[in-house]
Amino acid sequence: GFAEIITGTGPGAAGQLNVFDGATHAQVNALLPFSANFKGGVFVAVGDFNGDGVRDLIASVDKNWLPIVSVFDGATIYARTPQVLSSFQAFPNTERTGVRLAVKAVDGGAAGNVEKVSLMLSSGSGGGAVSRKVRQAIFNGLTPNVVDRVFENAKVRRKFVFDGIYVG
């Protein structure tokens, strides 16, 4: 009856996800979703990514690392090593600005229900052309596609510059 609390560390510490029991607030798991050497921040989101009625844990990297997103099965989040549903690269190797993420219900959402979601992804600040695009990933295929080209044609000469996009 209580939702778990998921946190991610900020830049400078080991990139770790912490899972806390919603009722007792006791920590029930801690995992490194990326390399043990990763010391950047971790963005987190929660949503039913695989359609099994259980919210899954989604993690992405902050800047200065490969633009990786990992999805962990919510049904196994209390296990010592939760099952990885997917791990993929959201942008090209050269994009090292982080991957900001949010979830979106695929059917528009309904209050009180666990809804299947897709991911909305954008790069962080200083990301050049990619920072002006929003990408969407769905569970079948997990190849992020550009879904919003509104910002893509921004012209620096017109002083129309973005420092990344937050999605949510």
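What follows is a walk through the fold of this predicted model, from the chain as a whole down to a few individual residues.

Written out along the sequence, that gives β-β-β-β-β-β-β-β-β-β-β. Of its 168 residues, 42% count as buried. The accessible surface comes to about 8,800 Å², and carbon and sulfur atoms hold 51% of that area. As for how the chain meets itself, take the contacts with a separation of 6 or more: 47% of them link residues 24 or more positions apart.

One piece of the architecture is an open sheet of 4 strands, in the order 4-5-6-7, with antiparallel pairing. Strand 4 (42–47) and strand 7 (84–89) sit at the edges; each has a single partner strand, so one side of each goes without a neighbour in the sheet. On average, and with direction ignored, neighbouring strands here are turned by 15° against each other. Zooming in on one pairing, strand 4 and strand 5 (residues 56–61) run antiparallel and are joined by 6 bridges. Within that pair, Gly 47 faces Asp 56 of strand 5.

Asn 29 is worth a stop of its own. This residue belongs to strand 3 (residues 27–31), and its relative accessibility is 8%, so it falls under the 20% cut-off and counts as buried. What surrounds Asn 29, once its neighbours within four places in sequence are set aside? The contacts are Leu 17, Asn 18, Val 19, Ile 77, Tyr 78, Ala 79, Arg 80 and Pro 82. Of these, Ala 79 is 50 residues away along the chain, yet the C-alpha atoms of Asn 29 and Ala 79 are separated by 7.7 Å.

Most residues other than glycine have a negative phi. His 25 is not a glycine, but has a positive phi of about 65°. This histidine is found in the loop between strand 2 (17–20) and strand 3. Is His 25 buried or exposed? With a relative accessible area of 52%, His 25 is exposed, because the cut-off for that label is over 50%.

Methods:
Residues are numbered from 1 along each chain as its sequence is written. This is a predicted model: local features need pLDDT of at least 70, side-chain atom pairs count only at pLDDT 80 or more; totals for chains, interfaces and linings use all residues. Side-chain values use heavy atoms; hydrogens and water are left out. Helices (H or I, at least four residues) and strands (E, at least two) are DSSP runs, numbered from the N terminus. Buried means under 20% relative accessible area, exposed over 50%, partly exposed in between (1.4 Å probe, protein chains only). Contact means heavy atoms within 4.5 Å. Accessible areas come from the Shrake-Rupley method with a 1.4 Å probe; for residues, only the protein chains shown count as cover. Two strands pair if DSSP finds at least two bridges between them. Axes are lines fitted to C-alpha atoms, for helices over the stretch in contact, and angles run from 0 to 180 degrees between N-to-C directions.
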